[in-house]
Amino acid sequence: MIAYKPDTVSLTEMTASHTILVVAGPKSRELLQSLSPRCDWSKEAMPWMSVQEKTLGHAKMIAMSVSFSGELAYELHIPNEQLYLTWKQITEAGESFGLGLFGLYATESMRLEKGYRHWKADLIYERNPLESCLDRFVNLEKPDFVGKGALLEEQARGPQKLFVSLEVDCDFAPAHSGDSIYSGDALIGSVTSGGYGHRVEKNLAYAFIDPEFAAVGTELSIDLLGEMHPVKVIEPAQYDPENALVRG
Amino acid sequence: MENITRKPNGEFIVHTAKGDITCEMVVNATGYRVNEVGRMLGVEHPVTSMEHMYFLTDTIAELEAMDKRVPIIRDPGDDFYSRQEKNGLLVGVYEQGCKTFGMHGIDPHFTQALCPSDLDRCLDNMERIFERMPCLTETGIHTVVNGPITYTIDGMPLIGPVPGVPNAFCAIGLRAGIGEGGGHGKILAELMVHGESEWDAWCLDPRRFTQYANTEHTCLKAIEDYQNEFHYHQPHEHRPAARLARTTPLYPVLDAKDAAWGVVNGWERALFFKPDADFVDEHGYRFTPTKNIVAQEIANIQQNVGLMEVSGFNRYEIKGEGATAFLDRMVCGNLPKKSARWACVICLMKKAMCWQKPPLLSWVRSITGMARPPQQNGMTVTG
Ligand SMILES: Cc1cc2nc3c(=O)[nH]c(=O)nc-3n(C[C@H](O)[C@H](O)[C@H](O)COP(=O)(O)OP(=O)(O)OC[C@H]3O[C@@H](n4cnc5c(N)ncnc54)[C@H](O)[C@@H]3O)c2cc1C
């Protein structure tokens, strides 16, 4: 990035000075609104994909209406000196909204149900965004961007692999990154992420596989812990594909 | 090589007893002397060394009589390996009572040299090794080899640019350099010549560690890694050495709520919340009882509302004249058209490999009504 940065532009790292609190679930908006008499958290004032400065109680932060879980959710980017304050206010107010805590395992399960990718698991240098099926994040009409020439070349060459979501027919183990995917006896790809989707009640996995097998409905198999199990290519967003919930 | 200095034009001068050599680029590949040479470049690498021993036996009559070689053994229970060497065995040990090397400096005369043998450290393993391979009890040991091996925080070497020193590269922290050196050499050459590698080599990138990765931290992880050398790393296993390197003010609060902790680049992160303090998150390749606890956390998020802390996500403020044009050029998609919006964007490599696409590389453009300077006319990128 630095190589392309003009001198007039400054880049300041804020990784360790701020922390995110994620508030997720159908009651998240009501809970946050209850702490924010002078801020408007309504769908009209703060629609999905907004970024606004908000005050919760007497703590200030940047709030984003963004969801990695697929539920109505907010990310609060809070300076560390007000992290405890914000936490205390939300957890106290949360009692009457049935607030519970959750962690990375739950997040991992929920994002697999939404078709969301994880950096360095599913998003890797070796696959371009077209092979990663992230076409909607690419605009080849733009006059220029870093990597455009090479991307056009790769587009002309066609995908070497394609990213797919899979349903794994196995009730005792999740797929693991690196597990092999077969069509008959032919090795056609490998898994990048795997885990159980609790809301859709399916054993899910992501993989890069040969393009000719990437159509939804294709039946393949996975070598899981030394045994072959059936897998099927499925739609990437298994949970709320219309994104009705995240819009609230 | 005695020192490295820099010319005003940025070129390096490598000073040796036989004269100076001017170089456009340098590579630190000096094995266990990594930090002596690193210091010449003004950096301290997260690499330390551990002593490691193997021994060679006298000729074993049964091996001599065989018309084939015996297989290589790697024993994850008794922490040893063995392979045939001529008509004897080479047996190496990863002992629990292991020893660091060179923490207080290395004798300049220690070249092509070995440490004094110290098989007593391995007695505990030896008993078990003898049980597995009784022939060893009847064979003499003719040589013990004890040498330093370099270790890093995560067991992987550092191949690529030296953070903060333009045109300096490194290939250091190699634990199995004989086996892996060829691949590392290819990646390093690509990085030096083209600036990027054909493969996703982030797991080897020297820039994957940050300030927390000091020598003491590295050493604690190196000892742990040595002790676990042959033990399987289970999915979701976060090992206990050198923890709490990076925490937020909520660590003690979440800990009191029985958070099960994992670690991401030094940062402590809650994996899930234990039903009681004594609950143990079993590690394995199959589903474990933790699955049901996760199901409950998710059910509550789906019905009511859940709260999670996310520490240590990369976050940059990009601002100044030309910030929007700069960011627009870096990403292959569209920046948000309206203010006070975020968008997911992807940065590509020059060769159009997915370079960096965090789950959410969001950004903010001139948020209206923002009072505080950091965000004014700026944008925050998180991921
Ligand atoms: C007992 C033992 C068993 C091992 N078993 C295996 C195994 O089975 N398989 C495997 O893959 N690996 C094994 N290893 C590890 C392997 O030996 C190392 O990973 C590998 O040798 C590292 O290679 P390197 O080129 O990075 O460093 P080194 O081989 O250490 O080379 C560094 C070079 O830099 C030179 N140098 C240092 N400082 C200076 C200076 N100031 N000026 C000029 N030159 C300098 C040194 O003289 C040396 O030649 C073992 C190591 C030990 C000790």
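Let's start with what a cavity is: on a 1 Å grid over the protein atoms alone, it is a set of points where a 1.4 Å probe fits but cannot get out, and its lining residues have an atom within 4 Å of a point. Grid points are joined across faces, edges and corners, and the volume is the space filled by probe spheres set on the points.

Before we look around, some ground rules. This is a predicted model, where local features need pLDDT of at least 70, side-chain atom pairs count only at pLDDT 80 or more, and totals for chains, interfaces and linings use all residues. Residues are numbered from 1 along each chain as its sequence is written, chains are lettered from A and ligands numbered from 1 in the order in which they are written, and side-chain values use heavy atoms, leaving out hydrogens and water.

So, how many cavities of 30 Å³ or more are there? The count is three. Let's peek into the second largest cavity, with a volume of about 50 Å³. Its lining includes Trp48(A), Tyr74(A) and Arg247(A). Strand 5 (73–79) and helix 5 (244–247) of chain A each give two or more residues to that lining; helices here are DSSP runs of H or I with at least four residues, strands are runs of E with at least two, and both are numbered from the N terminus. Sorted by class, the lining has eight nonpolar, two polar and two charged residues.

Now zoom out to chain A, which is divided into domain 1 (9–102) and domain 2 (113–234), with bounds from an automatic or database domain assignment. Their C-alpha centres lie 32 Å apart. Where they touch (heavy atoms within 4.5 Å), domain 1 gives five residues and domain 2 gives four. About 390 Å² is buried between these domains, buried area being the accessible area (1.4 Å probe) that two parts lose on being put together, summed over both. On the domain 1 side, Phe68(A), Ser69(A) and Gly70(A) lose the most area, together 70% of what that side buries.

The two domains also share one salt bridge, meaning a side-chain nitrogen of Lys or Arg within 4 Å of a carboxyl oxygen of Asp or Glu. Glu71(A) pairs with Arg199(A) in a salt bridge, their closest N and O atoms 2.8 Å apart.

Finally, what about the two chains? Here 92 residues of chain B contact 92 residues of chain A, and the buried area is about 8700 Å², with carbon and sulfur atoms giving 66%. Three salt bridges cross this interface. Lys120(A) and Asp200(B) form a salt bridge too, with closest N and O atoms 2.7 Å apart.

Note on methods
1 Å grid on protein atoms, 1.4 Å probe; cavity = no way out; pocket = protein on both sides within 12 Å on 5 of 7 lines; lining within 4 Å. Nonpolar A, V, L, I, M, F, W, Y, C, P; charged D, E, K, R; others polar.
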